[in-house]
Amino acid sequence: MQRIRSLFASLLIVAFILPLGMLAAPVTDVRAKNGMVASQHELASEIGVDIMRKGGNAVDAAIAVGLALAVVYPEAGNIGGGGFMLVRTKAGEFHAIDYREMAPGAATRDMFVDKDGKLIVGEGSSTVGYRASGVPGTLAGFELAFKKYGSKKVTWQQIVEPARLLAQNGYILSKRLADLFIGYRDTLERYPESKRIFLRDGNYFKEGDRLVQPELARVLGRVGRLGAADFYRGETAKLIAADMKANGGLITLEDLKNYVAKERKPLRGSYRGHDIVTMPPPSSGGLVMFQTLNILEAYDMPKMAQNSAVRYHLLIEASRRAFADRAEYAADPDFADVPAEQLISKSYANTRRATIDTKKASSSLDIKFGDVTKREPMETTHYTVADKDGNVVSNTYTINDLYGSRVTIKGTGILMNDEMDDLAARPGKPNLFGLVQGERNKVEPRKRPLSSMTPTIVMRKDGSFWFALGARGGPRIISAVMQSVMNVIDHNMDIIDAINAPRVHHQWLPDSFIAESSGISPDTTNILVSMGHKLGSTGHVATATGIMRDENGYWIGAIDKRSDGVAVGY
Ligand code: DON
């Protein structure tokens, strides 16, 4: 259920010492005049609002939310991972900050395959253990965002301090979080610090227990005083490098020192007259979204019922083609030639659309990547923050799988990512998400793994800000973001309905579609199957969060009903 809290600063203090259910803030509605944070944890959203109340802008608040989620949402919130931050300033300028992890300097193309050419499983693999991690980018990205786009009205230490306090004083675990630790115990218990901190050495947490993270609090204390330098060159860097070395990991002090967060040119496209801005490569999210939207734009999508087989058929066919291109072309642009402009051009979409039969499914075996040589002239957890001046931040960051590599670095409480799995451990073979990726995305030193994270901002036809959103869920992120955008533009939904509406997903390979069982009726699925589509699973297609600005200038916060989280406005 959607809840918005009218918040008084003092409640923040109360939040640290009382279980969530005992918070006394009155629940009002989903609209707020000044600012809004929509994130997957109530305490993080409240912290963001508190920073804005102190004079900070949306960027300052977004950093505070990200650091708080690293404490209260350890499955995905992080300082041991990376992500993308998209900023729209009150003046209408866009900035895209790439703080994706980078492969360690000693990474090699075949590091995840054994001598028989088979993928290594367990410790040493691209998904679990010390070698699964790329060099984290979160703190470098946050510091860059703070220095360039922060308000300068709150200090870095003021922004870090609420997260430090949450780690030091602890917070009360919801049923979902307590159960989730147990759900992941098989791998978490392999790593002593993860077992001690998150599994309480086998004395598993229950709903209502308090999780205290003193090591993480110490790291955040240093980061608050010394900045990201502590993580990349100071005490924390030494602890990470030492634990990596002792356990066969590749990340060295040198790798940490060499990490760079980068500003990239935001990727721009449009759908039915609305400008849309999102993340460029190394995310594939924008490429796939724009290509799919461009293909679909020529059909009369608004006339088709949102939840109809005819609409889902076209969505699947367009996605299949865009994901086939993703597998071939998308990668870190610092390493590979990624023909982004061609892939998102309207004319390229025309050639891709020409192969779609509106009555019959195609087979992914017959769909290959397209020809982009004819040049035109010329994708965890997501949260969104908006402030009283109209600055907006759309931020998705991740440690990849839930609890990342499951490794917690000794002496730090930092859970590390397994983002190396987003590089192609074996080009041409499926990864954790069943995604097939090509040579361009092979493992190379200092390379950023290809991502599906899609923090996105959509404008009204007059160019003013309309809504911002993003999602978690691997490649399904792209489908969730794109279909939510279409639900607003084509079907006049507000952001809450748009995000909650049912959706489908098809990623070319495996050649099957996911139809959400809550919302898509078996009749609809049967029609799709009769058209030749193959039904895969019926689980969730990612979970999204976002904020919309209504005609009266009010912010509307939206949290996907498929997941947890709370939007807080003021
Ligand atoms: O960057 C990516 O595309 C993935 N590492 C995102 C992982 C993700 O969304 C996991 N979510 N539940």
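**Figure 1. Packing around helix α6 in the predicted model.** The buried residues of α6 pack against α3 (58–72), β5 (171–172), α7 (185–188), α8 and β6. The model shown here and in the other views is predicted. Helix α6 spans residues 175–183, and its buried residues are Leu177, Ala178, Leu180 and Phe181. These buried residues line one face of α6, because they fall within an arc of 160° when seen down the helix axis. An α-helix has 3.6 residues a turn, so residues three or four places apart point the same way.

Figure 2. Asp201 lies in the loop that runs between α8 (192–198) and β6 (210–211). Asp201 is not a glycine, yet its phi is positive, at about 55°. Most residues other than glycine have a negative phi. Asp209 also lies in the loop between α8 and β6. Asp209 is buried, with a relative accessible area of 17%, which is a value under the 20% limit for a buried residue. Leaving out residues up to four places away in sequence, Asp209 touches Tyr171, Ile172, Leu173, Arg200 and Tyr204.

**Figure 3. Arg222 in helix α9.** Arg222 is part of helix α9, which covers residues 214–226. Its relative accessibility is 15%, so Arg222 counts as buried. The side chain of Arg222 makes a polar contact of 3.1 Å with the side chain of Asp230. Asp230 is also among the residues that Arg222 touches, and the others are Gly227, Glu235, Thr236 and Leu239, not counting residues up to four places away in sequence. Between Arg222 and Ala62 there are 20 Å in space, C-alpha to C-alpha, and the two are 160 residues apart in sequence.

**Figure 4. The buried side of helix α16.** Helix α16 is formed by residues 346–353, of which Tyr348, Ala349, Arg352 and Arg353 are buried. These four lie on the same side of α16, because they cover an arc of only 140° around the axis. The cover over the buried residues of α16 includes α13 (285–297), α14 (309–329) and α15 (340–343).

Figure 5. An N or O atom in the side chain of Asn400 is 2.7 Å from a nitrogen atom of the ligand. For Asp422, a polar side-chain atom lies 2.6 Å from a nitrogen atom of the ligand. Ser451 has a polar side-chain atom 2.7 Å from an oxygen atom of the ligand. On its own the ligand has 350 Å² of accessible area, and the protein covers 93% of it.

Figure 6. Pro281 and Pro282 are joined by a cis peptide bond with omega of about 20°. Pro282 lies in the loop between β9 (274–278) and α13. A cis peptide bond also joins Leu509 and Pro510, with omega of about 0°. Pro510 is found in the loop that runs between β16 (504–505) and β17 (514–515). Most peptide bonds are trans.

**Figure 7. Lys152 in the loop between α4 and α5.** The loop that contains Lys152 runs between α4 (138–149) and α5 (156–169). Lys152 is a residue other than glycine with a positive phi, near 65°. Lys152 is exposed, with a relative accessible area of 54%, a value over the 50% limit for an exposed residue.

**Figure 8. Ile547 in strand β18.** Ile547 lies in strand β18, which is made up of residues 543–549. With a relative accessible area of 1%, Ile547 is buried. Ile547 and Gly411 are 136 residues apart in sequence, and their C-alpha atoms are 37 Å apart in space.

Note on methods:
Residues numbered from 1 in each chain as written. Predicted model: local features only at pLDDT ≥ 70, side-chain atom pairs only at ≥ 80, totals over all residues. Heavy atoms only, no water. Buried < 20%, exposed > 50% of the residue type's maximum accessible area, 1.4 Å probe, protein only. Helix = DSSP H or I, 4+ residues; strand = E, 2+ residues; numbered from the N terminus. Arc of directions from axis to C-beta. Contact = heavy atoms within 4.5 Å. Polar contact = N/O pair within 3.5 Å; in protein donor to acceptor, adjacent residues only side chain to side chain. Areas by Shrake-Rupley, 256 points an atom, 1.4 Å probe, with all protein chains shown as cover.
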